[in-house]
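Trainee: Can we go through how two chains meet? I have the picture open.

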Amino acid sequence: MQNKLSFHQSSVSLEILGLPDYSNNENKDQISIVSQWKLTIIDKPLIEGKIEHLGPIMDAFYIYSNLLIKNEIPIYESKLIDIKADNLHIHNIVLKSSKKNVKPLILKIGNSLLSDTINCFDQLNESSKVIIKKTGISNNTPKKVRFGVNNNFKFFNFIMPPFIAICSLVLFSSTFIYLYNSIEDKDKNELIKRK
Amino acid sequence: MSRYLYPYIRKILQSKEDHHMNSVIWNDFNNRLFELIKERFNLNSMRVKKLLNQTENNEIIVKSLLTLSLCISNQGYQKLKNFLFNI
């Protein structure tokens with residue numbers, strides 16, 4: 001008997017079918033061996049596939065939404081899925097089947113359905129009951145933040161400014177040692193003593 | 001917070017997708033947003049002027065709403081932070 005988990009967000013629902021990995025002492029209600037998934041969008045054809053298709057499709061949606069928000073050209077193309085923006089409000093999705101002689105499925109979705117779909121994927125990523133290779137989260141993290149996560153880089157950033165400041169202070173003050181004229185100083189001292 | 005506002009955000013986004021749909025929701029949202037901007041922002045600033053310019057602000061408002069609608073998960077705060085870092 002297969003387990004079934006559903007994630008809903010307004011007009012979109014994502015269904016995951018699979019089995020727990022008993023060899024890994026998992027609970028009965030968990031899914032780590034996904035056999036099938038179904039993405040249902042109201043008024044649109046059903047999208048379903050195997051586990052190897054789910055990761056690339058999730059990645060495509062995450063990358064596309066990032067491009068859209070970052071004001072970059074919102075186009076994502078791959079062997080499995082193409083997503084392009086028709087205009088500011090409508091997105092064109094082309095799903096290509098891995099089977100021969102099957103025409104690609106073309107969907108037009110608005111911003112509301114796009115956010116519903118991504119929210120369903122977020123729910124799947126955050127679910128503790130489904131254990132899959134979660135690639136979506138890593139794609140959400142921009143390069144700048146990835147650097148911030150690195151502790152070595154943080155420590156280097158923390159220690160370098162005071163180190164450079166101390167070095168420059170030492171170098172700057174050492175130049176005055178060479179400018180200091182000891183003979184002149186001796187003459188001055190003698191004049192003071194005579195007075 | 002965007003999780004609780006998601007149904008409203010979604011409706012506002014949806015109202016802009018279909019031209020046949022009633023644009024009352026979009027107009028109401030736009031009017032309230034303008035009121036708030038006029039109350040709280042420095043109107044002499046060029047950026048605020050751009051935000052109030054109805055021919056230019058459409059894209060900014062839609063993208064801001066879309067960003068909020070994508071950040072309703074448990075990790076939404078981190079996601080929003082990442083989006084803002086990226087701008």
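Trainee: How many residues of chain B are in contact with chain A?

Mentor: 24 residues of chain B are in contact with 29 of chain A, contact being heavy atoms within 4.5 Å. This is a predicted model, where local features need pLDDT of at least 70 and side-chain atom pairs count only at 80 or more, while totals for chains, interfaces and linings use all residues. Residues are numbered from 1 along each chain as its sequence is written, chains are lettered from A and ligands numbered from 1 in the order written, and side-chain values use heavy atoms, leaving out hydrogens and water.

Trainee: What area do chain B and chain A bury?

Mentor: About 2,500 Å² between them, 58% of it on carbon and sulfur atoms. Buried area is the accessible area (1.4 Å probe) that two parts lose on being put together, summed over both. R10(B), E17(B) and N86(B) supply 23% of what chain B buries against chain A, more than any other three residues.

Trainee: How many salt bridges are there between chain B and chain A?

Mentor: Two, each a side-chain nitrogen of Lys or Arg within 4 Å of a carboxyl oxygen of Asp or Glu. K79(B) and D122(A) form a salt bridge through their side chains, at 2.7 Å from N to O.

Trainee: Different topic. Where is confidence lowest and highest in chain B?

Mentor: α5(B) is lowest, with a mean of 83, and helix α2 of chain B (residues 24-40) is highest, at 91. Helices here are DSSP runs (H or I, at least four residues), numbered from the N terminus. The confidence is pLDDT, the predictor's own for each residue, from 0 to 100.

Trainee: And what does chain B average?

Mentor: A pLDDT of 86, with 93% of its residues scoring at least 70.

Key: Helix = DSSP H or I, 4+ residues; strand = E, 2+ residues; numbered from the N terminus.
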